[in-house]
Amino acid sequence: MFLRDFWYAVAWDFEVKHAPMARTVCGEPVVLYRQTNGALSAFEDCCPHRLLPLSMGYLKGDHLVCRYHGLEFDEGGKCVWMPGQEGVRKDMLIGTYPVAEKYRFVWIWIGDPQRADESKIPDLHWCSDPNWIFEGSTYHIKCNYQLLVDNLMDLSHETYVHPSSIGQHEIVEAPIKAVSDENSVTVTRWMLNIDPPPFWSANLKSQQKCDRWQICMFSLPANVMIDVGVALAGTGAAEGDRSKGVTGIVVNLMTPETETSTWYHWGMVRNFQTDDRGLTFRIRDGQAAVFEEDTQILESQQRNVLQRPDRDLRNLKIDAGGVHARRIIQHVLDRQASAAAR
Ligand code: FES
Ligand SMILES: [Fe+2]
């Protein structure tokens, strides 16, 4: 059902506080919290006594206490106190998750904990690079994560879904180039000598003709980085010189909650006007509004998908990126299924 043995962004860094927080990842209910010293704990969200979600409990120092009968677990998940008896029973164990904090996100490892290796956290180096500014948020969307991947790998929808901000007709007219290997897909689109749409003319501080690019990069399990920007037309951006332009990376980390719901972590990292904090939050709010428009589309689409199990999603040329990404995901799922059958 879900891709295992991957790090998933479970939350933004600012979302995890010194209090139990529940989040289901790939169908697994998890409770996580930040210890007093800032380190993180992540356990299965289920008390081994009578199975109450531990996220309903509270912290006593850095220990998590179950709200029902007070079983107390230390920051490593070991039961250290139980009511009405001497000592603790050794079989009262909770599952723990490898957890890490990097690039402004909290990550948990879904799969075999022995295989958790922090060097496998997706490379989002821009997000913690002082030369770039990064801000964003989390949306809970009632759709399968692959519908979000489809959406982000085919930006032709911007023309119709986001006409007042980033959409423009040239997007659907410009050809795309899709290349893939067994782990990733890249879809590239260049629109040369066009009028900048409102979002980009404001950031370029110019209404002059521009060259605009959109480079969507999918990687496993369900991450899409989109290199976007505009430069004054004919100044060499397509050949690699972006000095007369502005660049952003739209960060999209899709963490499946269930088959039909997703924790969508999004944001934009940029390398222009990096000292303008007001701009940082105007961009975040603008993006929030754009992704609200996507949310409406995706949830409506998911409802129809569920109501019509006999109908397939059909593909056009514009869907090349999503089709490649789905193939890569399916390949890993097939590999998992055959390993499980052995
Ligand atoms: S259910 Fe947690 S202590 Fe009883
Ligand atoms: Fe969109």
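Of the 342 residues of the protein chain, 38% count as buried, a residue being buried if 20 or more other C-beta atoms lie within 10 Å of its own, exposed if 12 or fewer, and partly exposed in between, with C-beta atoms placed from the backbone. The structure is a predicted model, in which local features need pLDDT of at least 70 and side-chain atom pairs count only at pLDDT 80 or more, whereas totals for chains, interfaces and linings use all residues. Residues are numbered from 1 along each chain as its sequence is written, and chains are lettered from A and ligands numbered from 1 in the order in which they are written.

The secondary structure of the protein chain amounts to 6 helices and 17 strands, where helices (H or I, at least four residues) and strands (E, at least two) are DSSP runs numbered from the N terminus. The radius of gyration of the chain is 22 Å, close to the 20 Å that the globule rule gives for 342 residues, so the chain is as compact as a globular protein of that length; the radius is taken over C-alpha atoms, and the rule is 2.2 Å times the number of residues to the power 0.38. Along its principal axes the C-alpha trace spans about 80 × 50 × 35 Å. Among contacts between residues at least 6 apart in sequence, 57% join residues at least 24 apart, a contact requiring C-beta atoms, placed from the backbone, within 7 Å.

The protein chain is divided into domain 1 (6–120) and domain 2 (129–338), with bounds from an automatic or database domain assignment. The C-alpha centres of the two domains lie 33 Å apart, and 14 residues of domain 1 are in contact with 11 residues of domain 2. On the side of domain 1 that touches domain 2, β1 (6–12) and β2 (21–25) each supply at least two residues, and the largest share, 6 residues, comes from β1. By class, this side of domain 1 has 9 nonpolar, 2 polar and 3 charged residues, with Ala, Val, Leu, Ile, Met, Phe, Trp, Tyr, Cys and Pro counted as nonpolar, Asp, Glu, Lys and Arg as charged, and the others, Gly among them, as polar.

Beyond four places in sequence, Val10 touches Arg23, Val25, Val30, Leu32, Val106, Trp107, Ile108 and Thr255.

Helix α5 (residues 277–307) has 31 residues and reaches 45 Å from its first C-alpha to its last, close to the 45 Å expected at 1.5 Å a residue, the expected span being 1.5 Å times one less than the number of residues. Its buried residues are Ile283, Gln287, Val290, Phe291, Asp294 and Leu298, and what covers them includes β11 (133–141), α1 (145–153), α2 (158–161) and β17 (261–270). Met268 lies in strand β17 and counts as buried, with 20 C-beta neighbours inside 10 Å. Leaving aside residues up to four places away in sequence, Met268 touches Gly136, Gly248, Val250, Val251, Ile283 and Gln287.

For helix α6 (residues 320–341), the 22 residues should span 32 Å at 1.5 Å a residue, in agreement with the 32 Å between its end C-alpha atoms. In α6, Gly321, Gly322, His324, Ala325 and Ile328 are buried, and the buried residues of α6 pack against α1, β12 (176–180), β13 (184–194) and β14 (210–219).

Methods
Two residues are in contact if their C-beta atoms, placed from the backbone, lie within 7 Å.
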